[in-house]
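These are my notes on the two-chain model you sent. Please read them with the sequence and coordinates open.

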Amino acid sequence: MKKTLFFSKGDGKKAFIQALYATGRLPHDRKPFPHEVDQALKAGGYPSGKKGEWVRISDSFDENVVYACGTGQSKEIINHIWLYMMQIEGDNPLQWIMTDVDLQANQKGFYH
Amino acid sequence: MDHDRCGSSSESKGVLPLKRIIYYCYGGAHSSVMAAAIHLGQLPMDRVPALGELRKIGDLDHTQSEMIGMLHFQGVDTEGNEVYTLGVGAEPDLVITSVQSMIVAIGGDLKNYLFRSSLPYINLQAKIGGALSRRYGWVGLGRKVCFRGILSSYDQLIAFVKQTRTKAGNG
C-alpha cells in the first residue's frame, strides 16, 4: 500500500486540489469549472477546521491512501518531525510519497 | 493556546496510560529542555537550583535554529515514559495538530503521546535572553539574562512538570 501526502504552504489549497486530481475527484481530461473545484474542495474537507491537519482524501476502501495538508509557514519543521515520527512508530518511509505541491506546481503532470 | 494536547478520546478520562511525553516550545532550547530536566530528576523539584546546576544541562541554550523540528530524546522517567523535547517554531498549534494527525496516519496511537507546551512557564526575561543567545548570537549576555529568568520562574516550571507527571499517570 502506498500512502501519499500532498502538502503546500498556508491552508494547503494547492495540496487539496492536487489530492483531488490524484483521487479522481476532479477531471483529468478537461479543465474543471470553478464551481466544480469549489464543490470538490468542500467535499474533500477544505479548508480544514484544524490548521495543519492531514485530511484523508481517499475513501477507506482505496488501496492507496491520499492525504492533503496545509503546512502554514512551518513546512520544513513538519517534514523534520515526520522523519522522527516514522522512526519512533517504526513505519516504512518507502511506503510514503511526500509531495511538496509548491515545488511541483509548475512541473508536467501537476494541475494548478 | 491549547497547552495540553493528547488523544481526544482519552482527554476526558484525566489520567492516561502514556508512553511518550513531548515537551515543546519555540526553539526547543530553553523551557522544554528545563521541563524535561526537571521531569527526569536532573534538576531538583524541591528548590531552585544554583546557576552551576543549569549549566550542566547539556541541551539548555544549545539548540540551533536549524534544529527546530528535530525531536530530542532526553531520557526515560521513573515510570518508564520516554521524555522528548521539540522546537516547533512560531506556529505551535498548527505544527502539533499536524504531528498528531501524522501519528494517526502512520499507524500510531495518540493515547501513547502527551504533548505539553512549556513556553508559558518561563518569564519574559528568559525569553528575551534566549532570543539574544540563540537568534542574535549574543551568547554571553543572552545566556546570563536567560538563565536568571529561568531561575526566577523555576517554581512555575516545577508546578507544570508536576501537573504533567500527574497527567502521565506518574503522580
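1. Which residue stands opposite Ala68(A) in E3(A)? The answer is Val55(A). This is a predicted model, in which local features need pLDDT of at least 70 and side-chain atom pairs count only at pLDDT 80 or more, whereas totals for chains, interfaces and linings use all residues. Residues are numbered from 1 along each chain as its sequence is written, chains are lettered from A and ligands numbered from 1 in the order in which they are written, and side-chain values use heavy atoms, with hydrogens and water left out.

2. Strands pair if DSSP finds at least two bridges between them. Strand E1 (residues 3-8) of chain A runs parallel to E3(A) and is joined to it by six bridges, with Phe6(A) as the bridge partner of Ala68(A). Strand E2 (residues 55-56) of chain A runs antiparallel to E3(A), with two bridges.

3. Six of the six residues of E3(A) are buried, that is, under 20% relative accessible area, with exposed over 50% and partly exposed in between (1.4 Å probe, protein chains only). Both faces are covered, with Val65(A), Tyr67(A) and Cys69(A) on one side and Val66(A), Ala68(A) and Gly70(A) on the other.

4. Chain B has seven helices and five strands, and its elements run β-α-β-α-α-β-β-α-β-α-α-α from the N terminus on. Of its 171 residues, 54% count as buried.

5. The contact between the chains (heavy atoms within 4.5 Å) takes 27 residues from chain B and 25 residues from chain A. Together the chains bury about 2100 Å², 70% of it on carbon and sulfur atoms; this is the accessible area (1.4 Å probe) that two parts lose on being put together, summed over both. On the chain B side, Leu94(B), Met102(B) and Ile106(B) lose the most area to chain A, together 29% of what that side buries.

6. The count between chain B and chain A is one salt bridge, defined as a side-chain nitrogen of Lys or Arg within 4 Å of a carboxyl oxygen of Asp or Glu. Here the side chains of Arg20(B) and Glu89(A) meet, at 3.3 Å, N to O. Strand E2 (20-25), strand E4 (82-87) and helix H4 (92-105) of chain B each supply at least two residues of the side that touches chain A, and H4(B) gives the most, with 10 residues.

Terms used. Helix = DSSP H or I, 4+ residues; strand = E, 2+ residues; numbered from the N terminus.
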